[in-house]
Amino acid sequence: MYLFLTVSTFAQLLLPMKHPGITAYLFILLSFSFPAVAQQNDALLKDSDWSYHFQITGIIQGHPSFSAAYSGQNSTQTEREQAFSATSTIFLGRKLWNGASLYFNPEMAGGKGISSTLGIAGFPNGETFRIGDPEPVVYIARIFFRQHITLDKDHFEEVSDNLNQVKEKVSTSRITFNLGKFGIADFFDDNSVSHDPRNDFMNWALMNNGAYDYAANTRGYTYGLVVEYVKPGWTLRLGTALMPTYANGPKLDFHYFKTNSETIEWEKKYSMHERKGTLRLLGYYNVSKAPNYDDVVAAKINGTDTSLDVLYGKKYGGKKIGFGINIEQEISSSINGFLRFGWNDGKTATWAFAEIDNSISGGIRIFGKGWGRAADNIGVALLSNGISSGHRNFLNAGGYGFMIGDGKLPNYRRENIAEVFYQSKIFDNLFATLDYQFVANPAYNHDRGPVNLFAARVHVEF
């Protein structure tokens, strides 16, 4: 009962109850998330073929004032500021028949990032990419179907109940189809050390390979198909998905044969000196309305089009290719490490994720066994982002992307970021985190910053 009151009070503080959709969402959330409150024989989802979980995350983040030689319309505000964001998700799953299941995730998001999520390519709050409006809004994040095809009828493994995963027995060799609405990052570029801004590192380019311009709308979701070929020790994934109608836009473009995103990833599990590790190799190819940076700059110089518009492409055919390397490694019984490298050709404008054309990051998480807090952990990571020459010329000519642009860029430098956090388990389902990030050359601009960012995060999950 204490947890029920805690979460419901927290939710009411986050979300104005004048919105009827939000009121309905909270009713559903609290109904599904606390079956222990009702009598056992009243449970709606008591059938073991159901999976039900929920989360709610609130982040407050701010920075003190910093110096800058100049600012543009997409610059981080130089004066002291702070911002608050909140998301909440219900994860419902239902086993349909042998090997098949259906998943449905209503989600609510509100708030904003510092400076309206502008001015830093590796943005410091990974939760804000799910937020398209400061007012709390309820929407369908995911609704997708999954089917396993058994390839080995003699060897099976148990898969535990989890977020968007019903408890089931599956063949160790199988083909899995995932079809519907979901996040591409639900399947690709995963990493148990750094992938979830609700529980570990908060930076956009630490939760994913920053140069992976994966298909997504403003909130991070898309419609698509992901096929996984699973064998003992390795997995091959193929995905195809819809791109947004314009850069970082809320609507997806259903002209599939004119614009789409294709991704392939090979995942290999291994052991090094009896310590487990995973290697992931990723490649992707996007076709969209994204304009070419060099063409846009040339059009301004010759006077045929001075708008420098890379947000609303006028024709299909913009292509982008990229790849990524993703490694996670157990270092000791209480320390895990990760390393990521990502690159894309940077010829066409960023269309969905982050204005980063190449990125390298690495870090460790230390779990608290040594100081008697096994559920607590400390994270330390370093990140360096860069952009192509065409992207630099576009920004220096006064261009603006959907995240960055200071009006000019005469002194380009790599955007270098350090992040450190401490997460503590307060109650069985409640976690609190303190986070610090240091950003040198925000938006690749040596004439601005550095920026010091401080954050506090509260996360509840069942």
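This is a predicted model: local features need pLDDT of at least 70, side-chain atom pairs count only at pLDDT 80 or more; totals for chains, interfaces and linings use all residues.
Trainee: What is the phi of Leu 308?

Mentor: Most residues other than glycine have a negative phi. Leu 308 is not a glycine, yet its phi is positive, at about 55 degrees.

Trainee: Is Leu 308 buried or exposed?

Mentor: Buried means under 20% relative accessible area. Leu 308 has a relative accessibility of 8%, so it counts as buried.

Trainee: Which residues is Phe 394 in contact with, leaving aside its neighbours within four places in sequence?

Mentor: Leu 308 comes up again here, as one of the contacts of Phe 394. Tyr 293, Val 296 and Val 297 are also among them.

Trainee: Which residues have the most contacts inside the largest nonpolar core?

Mentor: In soluble globular proteins, nonpolar side chains tend to be buried together. Here the largest nonpolar core has 60 residues. Those with the most contacts inside it are Tyr 214 and Phe 394.

Trainee: Which element gives the most to this core?

Mentor: The element that gives the most, with 4 residues, is α3.

Trainee: Where is the residue that a cis peptide bond joins to Gly 449?

Mentor: Most peptide bonds are trans. The bond joining Gly 449 and Pro 450 is cis, with omega about 10 degrees. Pro 450 is found in the loop between β17 and β18.

Trainee: What is the relative accessible area of Asn 441?

Mentor: Asn 441 lies in the loop between β17 and β18. Its phi is positive, about 60 degrees, although Asn 441 is not a glycine. The residue is buried, because its relative accessible area is 12%.

Trainee: How many helices and strands does the protein chain have?

Mentor: Let's step back to the whole chain. Buried residues make up 55% of its 462 residues. Among contacts with a separation of 6 or more, 70% come from residues 24 or more positions apart. The secondary structure comes to 5 helices and 18 strands.

Note on methods:
Residues are numbered from 1 along each chain as its sequence is written. Side-chain values use heavy atoms; hydrogens and water are left out. Helices (H or I, at least four residues) and strands (E, at least two) are DSSP runs, numbered from the N terminus. Buried means under 20% relative accessible area, exposed over 50%, partly exposed in between (1.4 Å probe, protein chains only). Contact means heavy atoms within 4.5 Å. A nonpolar core is a set of buried Ala, Val, Leu, Ile, Met, Phe, Trp, Tyr and Cys residues joined through side-chain atoms within 4.5 Å.
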